[in-house]
Amino acid sequence: MQTDIVSLYGRDYIPIVAPPLPATKIQTHPKTVPVLKDDDVLLICDELGNICNGEQQTAITGLFCQDTRFLSQAELRVGGDRPVLLSFHCTGSHALKVVCTNPKQPNLPAEALSIERSLVIRGALFETLLVTNHQAVPASVTLSLSFASDFQDLFEIRQYGNPRPQRGQTLQPVCCDLRHAKGRADFCFAYQGLDGALMETQVQFLGTPPTYLEGMTAKWHLKLEPQGYHTIHYCVRPFTNGAATSRVPVPSSLATADRLAQEERHQWWSQCTEIVTSNPQWNRILRRGMADLYMLLQSFGHGKVLTAGIPWFATLFGRDSIIAAMQTLILNPAIARDTLCTLAHYQGKEVCPERDEQPGKILHELRFGEMARNREIPHTPYYGTVDATPLWLMLYADYYRWTGDRPTVERLWPHALAAMHWIDQQMAATGYLTYNRQAAKGIDNQGWKDSGNCIVNRRGQLAHGPIALCEVQGYVYAAKIRLSALARELGYDEWGDRWQKEAAALKERFNRDFWLESEGFYALALDGDGRPVDSLTSNAGQCLMTGICDPEKAQRVGQRLRLPDLFNGWGIRTLSSTSPAYNPIGYHLGSVWPHDTSLIALGLRAIGDSDFALTLVETLFEMVCRQPDLRPPELFCGFDRHTYPQPVQYPVACSPQAWATGSLFQFIQIMVWPLVDASQGKFLVHQPLLPTSIEELHMRNLRVGDTHFHLRLWRTGEKGCDWEVHPA
């Protein structure tokens with residue numbers, strides 16, 4: 001029977017039957033596996049540098065770009081066996097070094113060879129293998145590399161056990177001649193999605209060609225003299241619709257890729273504030289945090305933005321990217337600028353219920369994979385977030401305060417007006433900013449606690465919508481107050497007066513409607529009937545940083561947060577342990593999120609409760625010190641510290657994760673407590689404080705407007721702190 005040839009983008013393909021997808025249900029992302037990311041290319045492999053594909057797979061691995069897995073297997077074997085690991089080390093967010101050896105084999109003693117793997121990603125995956133014979137006699141060995149590509153959407157991988165009802169067509173190229181690079185593709189995998197898009201993975205061996213190809217396995221029969229060596233080079237490139245998938249140009253070699261990646265990384269670091277303390281552990285954690293922030297940066301056409309987290313959320317988010325940009329203003333305000341511009345580009349333009357989109361609204365999440373393109377998920381982008389829009393306005397005002405960048409602020413002013421107009425429209429019916437899902441495939445809960453079971457009352461019962469979250473009203477208040485001051489500076493006094501009056505009215509009714517007098521605390525939310533959702537949660541703590549709380553009520557909230565049902569000794573639980581719905585392992589029902597606790601600490605500092613603010617900084621620092629990789633996790637379990645002296649890990653936390661990492665730099669802001677107004681040339685350090693773990697803090701190249709400062713803080717007593725600042 002003759003098979004029809006499919007012609008796509010100037011090349012011919014034969015449809016073939018794809019091998020079955022792995023049946024493994026992957027539930028965890030172990031933090032010990034190497035993760036490389038350079039802009040929009042992500043590599044997750046095992047400790048040997050292999051991408052595994054089969055029943056033994058226990059964690060997600062693969063080469064990803066634009067939400068698609070372009071390589072599902074890249075596995076090295078020595079004489080048919082897995083190598084023996086000696087060490088692995090990431091030499092940057094883009095590069096991995098692995099040293100391994102051979103197991104005992106019939107004609108080869110154990111540990112006769114060293115095999116050094118160098119992997120680099122830069123728009124593609126490059127690898128160089130160096131095999132050395134450490135015997136005094138010749139050695140013969142067969143090395144093999146097996147490749148496969150399943151072209152799965154990242155959402156598809158997350159849905160193991162609930163597979164897609166339909167997939168596209170796997171294709172076999174009739175000819176593998178490369179049009180995009182010199183030489184030829186030794187292996188070429190192809191797939192046409194249900195939306196018609198053509199995706200390809202091309203594997204090209206750049207040095208000594210394989211001795212022979214067997215299916216999708218390349219084999220080299222090597223004869224090595226005593227102390228002799230051999231090198232193997234290859235490159236894996238992803239393509240979509242005949243063009244490179246990655247936004248990053250692909251270099252010609254591993255060495256060039258490594259050099260370009262290092263140069264870009266060095267340039268970014270040189271633009272950041274250098275933070276050094278008297279505590280070596282703080283310094284290690286902060287340097288790791290900076291490296292992780294750089295890893296999470298990604299291009300979306302308008303500068304580089306912090307993606308939310310690896311592996312599942314390595315894409316543009318509204319809420320996550322904005323909060324992380326706020327946290328890192330003291331480190332590098334360019335992150336905030338690029339975040340504002342990128343999100344403004346994607347700001348809602350029409351009423352589209354299937355994406356929860358309205359004009360002026362800031363997106364929740366953007367995806368580029370086949371499932372998004374085929375409308376199987378609404379993330380094209382998806383706008384199901386109630387808080388990203390007021391948070392964008394808060395960041396907009398804060399960015400101007402730090403930089404005085406008037407051209408950017410004026411260029412984005414129409415977007416600010418559109419965002420505020422969306423907020424006002426949504427508040428018209430109830431006086432509060434509420435959410436109620438419209439998209440059939442959207443998210444039910446659209447605040448930062450977006451799991452389906454977390455908006456509960458004191459009896460543990462789910463609340464019904466529309467939901468008005470307490471912290472969201474705080475964000476709206478802060479947005480209106482900050483925008484009112486900015487509007488006056490830009491010459492829009494009428495807007496400034498209006499927003500100030502609206503903020504004052506919101507504050508008055510918020511403190512009336514949300515306050516639980518018997519608890520000395522704010523309700524989590526108001527439900528669809530306007531009744532308080534009266535559970536005790538961390539959300540109320542986030543209100544403190546916004547200024548919406550009456551002073552006496554703010555102090556009572558601060559005192560209530562100290563009690564052990566909310567403060568577990570490491571941070572603030574998302575839900576009080578006295579709630580019938582409390583679950584220390586629940587995603588938002590009793591776990592602790594570092595970013596949440598850091599925002600609460602920021603609020604405590606703002607209301608003058610500096611002791612408890614520094615306590616939270618110290619306990620979170622101690623928690624990070626106990627992480628094997630010195631990374632703050634996305635979240636951890638809410639078990640009490642007195643019972644469990646080590647933080648209990650949450651099973652599927654992202655690592656690294658943007659706003660968890662950003663918390664480290666929010667801690668610095670809490671210590672320094674700067675009063676900044678770049679447009680007025682104002683930079684003051686107001687009542688700085690240092691935690692007991694730090695005696696001295698240095699900040700070099702601190703940027704405020706066009707001026708760079710050096711700042712030094714040092715302890716002068718049990719609680720006292722002095723400081724000096726001078727231009728760089």
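**Entry 1: the second largest pocket**

I began with the second largest pocket, for which I noted a volume of about 700 Å³. I was looking at a predicted model, in which local features need pLDDT of at least 70 and side-chain atom pairs count only at pLDDT 80 or more, while totals for chains, interfaces and linings use all residues. Residues are numbered from 1 along each chain as its sequence is written, and side-chain values use heavy atoms, with hydrogens and water left out.

I wrote down what the words mean before going on. On a 1 Å grid over the protein atoms alone, a pocket is an open set of points with protein on both sides within 12 Å along at least five of seven lines, a cavity is a set of points where a 1.4 Å probe fits but cannot get out, and a lining residue has an atom within 4 Å of a point. Grid points are joined across faces, edges and corners, and a volume is the space filled by probe spheres set on the points.

The lining of this second largest pocket has 28 residues, and those nearest its centre are Arg401, Arg482, Met545, Gln669 and Trp673. Which element gives the largest share of this lining? I found that helix 7 does, with five residues. Helix 7 (388–403) is one of the elements that each supply at least two residues, and the others are helix 4, helix 13 (594–606), helix 15 and strand 28 (674–677). Helices (H or I, at least four residues) and strands (E, at least two) are DSSP runs, numbered from the N terminus. By class, I recorded 18 nonpolar, five polar and five charged residues in this lining, where Ala, Val, Leu, Ile, Met, Phe, Trp, Tyr, Cys and Pro count as nonpolar, Asp, Glu, Lys and Arg as charged, and the others, Gly among them, as polar.

**Entry 2: the largest pocket**

I then turned to the largest pocket, which holds about 960 Å³ of space. Its lining has 35 residues, with Arg158, Trp312, Phe313, Asp450 and Tyr587 nearest the centre. Helix 1 (154–158) and helix 4 each supply at least two residues, and helix 1 has the largest share, three residues. I recorded 18 nonpolar, nine polar and eight charged residues for this lining.

**Entry 3: the cavities**

How many cavities of 30 Å³ or more does the structure hold? I found two. The largest cavity has a volume of about 130 Å³, and among its 15 lining residues Asp40, Cys65, Gln66, Asp67 and Ala314 lie nearest the centre. Strand 4 (41–44) and strand 5 (62–65) are the elements that give two or more residues to this lining. The second largest cavity has a volume of about 50 Å³, and its lining residues include Lys37, Glu264 and Tyr294. I sorted this second lining into three nonpolar, one polar and five charged residues.

**Entry 4: backbone angles**

Most residues other than glycine have a negative phi, and most peptide bonds are trans. I looked up some exceptions. Ile310 and Pro311 are joined by a cis peptide bond with omega about 10°, and Pro311 sits in the loop between strand 22 (304–306) and helix 4 (319–327). The bond from Ser655 to Pro656 is also cis, with omega near -5°. Asn241 has a positive phi near 55° and is partly exposed at a relative accessible area of 31%, whereas Asp356, whose phi is also near 55°, is buried at 2%. Buried means under 20% relative accessible area, exposed over 50%, and partly exposed in between, with a 1.4 Å probe and protein chains only.

**Entry 5: two asparagines**

Is Asn102 buried or exposed? I found Asn102 buried, with a relative accessible area of 1%, in the loop between strand 9 (95–101) and strand 10 (113–121). The side chain of Asn102 makes a polar contact with the side chain of Thr101 (3.4 Å) and reaches the backbone oxygen of Pro109 at 2.8 Å. A polar contact is a pair of N or O atoms within 3.5 Å; within protein, one must be able to donate a hydrogen and the other to accept it, and residues adjacent in sequence count only if both atoms are side-chain atoms.

Asn511 lies in helix 10 (residues 493–513) and counts as buried at 6% relative accessibility. A polar atom of the side chain of Asn511 is 2.8 Å from the backbone oxygen of Lys507. Leaving aside neighbours within four places in sequence, I listed Tyr522, Ile548, Cys549, Asp550 and Lys553 as in contact with Asn511, where contact means heavy atoms within 4.5 Å.
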